[in-house]
Amino acid sequence: MKKYLRIALEVLLVILLVASSTFAYMNFSGKKHLSQDMEEVSAELDETKDTLDKTKEQLEEAQKKSEELEETAKQFDVVKQAFANGVLLQDVEALYKAQKVLSAERLVGLGTVRQLSKGFEDPSAVEAFQKSLDIAELGARMQAVCAAQSALVSAGKKVKVLAECSGKLEKPDEHAKTAAHNVHWGYEGDNGPEHWGENFATCAAGKKQSPLNIVGPFEKSKEVVKADYKEGPMKIINNGHTIQVNIEPGTGSLTVNKEQYELLQFHFHRPSEEQIDGKNLAMTVHFVHKSKEGKLAVLGVLLNEGKENATIKSLWANLPPKEGEEYVPAKMIINPASLLPSDMSFFSYEGSLTTPPCTEGVSFFILKNNVDISKAQVAKFPFKLNARPVQALNERKIYAN
Ligand SMILES: [Zn+2]
């Protein structure tokens, strides 16, 4: 997720500008002659401005266009979810608040996100949107119109870009990339977990954050959890924060009671993110699943320093040569089930993503039994430290079966 989620967000923002800037431009041009170009554009835009769902579809189209953004499509439900519960809005607001100078363009975008997140019925959201339009200079409004048009073009829409726009604006996808690139996060120093909240509000303000120190007393869990993973081709990526193995759709699922989650990917943390009775183990592997409704469930297995692990050996033999590219080793087949202990007893709790934007609403199942990994294998993992510290339990309960 990580930087891709941010890219998705930025692209989404630019596309959302379509709606806001149409309103803005129509207001302005109502006092002037409405050009033929603008009529065509607004006819096109009319389809998009009404519902957020439609806008999302366009983002999905845009994502398909760009190989770089393909990865985000998989994570897009997280963005959708974040929109639905307003968490993303908080993150955007915090991100923008952290910037010394907020461009009018972003202000309009933020107003749009506010409006779309909180709904047109909310008078304070509408007022905030109007205010953002008032503050934004006309020039910036034009820029927003240009950005919106370019975004539509890049999403494959037949839109005439206004003559005034030519040369004024960088391409929106490049804009998104640059902006996304500015938000660095990591595990140490100024980018470390204690600073994540400066750019991602939920990381600091959330009350249901992961990981946790798993310590009793436990509530009795009545949930029935079953992992069904099959073997498939391996796609392995170093995304700058971890080593992640992306799973072929349909090759793995997790069933929690009667609800089914599809396995998307698994990735590693060093040391283990979870603590058991206050102690970390050598590493964790997190299996990330998503339901049809977009709800996430993470199955965590702690890796104990001991015997060499054959599956890890295959994985580490195929570590991507460099960051950011998905690497598909020839004829390499892996079964994620080989990283599970035979006894699937678990602890469970409601938590969050353990990386920015720390979105909540993620169900965690941490297996009580560990799997071995050798000391040399731990040492070969390219990240010395990529584990978020344990978070406050707050009002939550931890369950055990
Ligand atoms: Zn993880």
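When neighbours within four places in sequence are left aside, the contacts of Val371 are with Val301, Leu303, Asn309, Leu339 and Pro341. In this predicted model, Val371 belongs to strand S17, which spans residues 371–373. The C-alpha atoms of Val371 and Leu303 are separated by 5.0 Å, although the two residues stand 68 residues apart along the chain. Val371 counts as buried because 22 C-beta neighbours are found inside 10 Å, where 20 or more are required.

In soluble globular proteins, nonpolar side chains tend to be buried together.

The contacts of Met283, again without residues up to four places away in sequence, include Leu303 as well as Ile373, Val378 and Phe381. Met283 also touches Phe268, His269, Arg270, Pro271 and Ser272.

For the protein as a whole, the secondary structure comprises 13 helices and 18 strands, and 45% of the 401 residues count as buried. Among contacts between residues at least 6 apart in sequence, 70% join residues at least 24 apart, and the pairing of Val371 with Leu303, 68 residues apart along the chain, may be read alongside this figure.

Definitions and conventions: Residues numbered from 1 in each chain as written. Predicted model: local features only at pLDDT ≥ 70, side-chain atom pairs only at ≥ 80, totals over all residues. Helix = DSSP H or I, 4+ residues; strand = E, 2+ residues; numbered from the N terminus. Buried ≥ 20, exposed ≤ 12 C-beta atoms within 10 Å, placed from the backbone. Contact = placed C-beta atoms within 7 Å.
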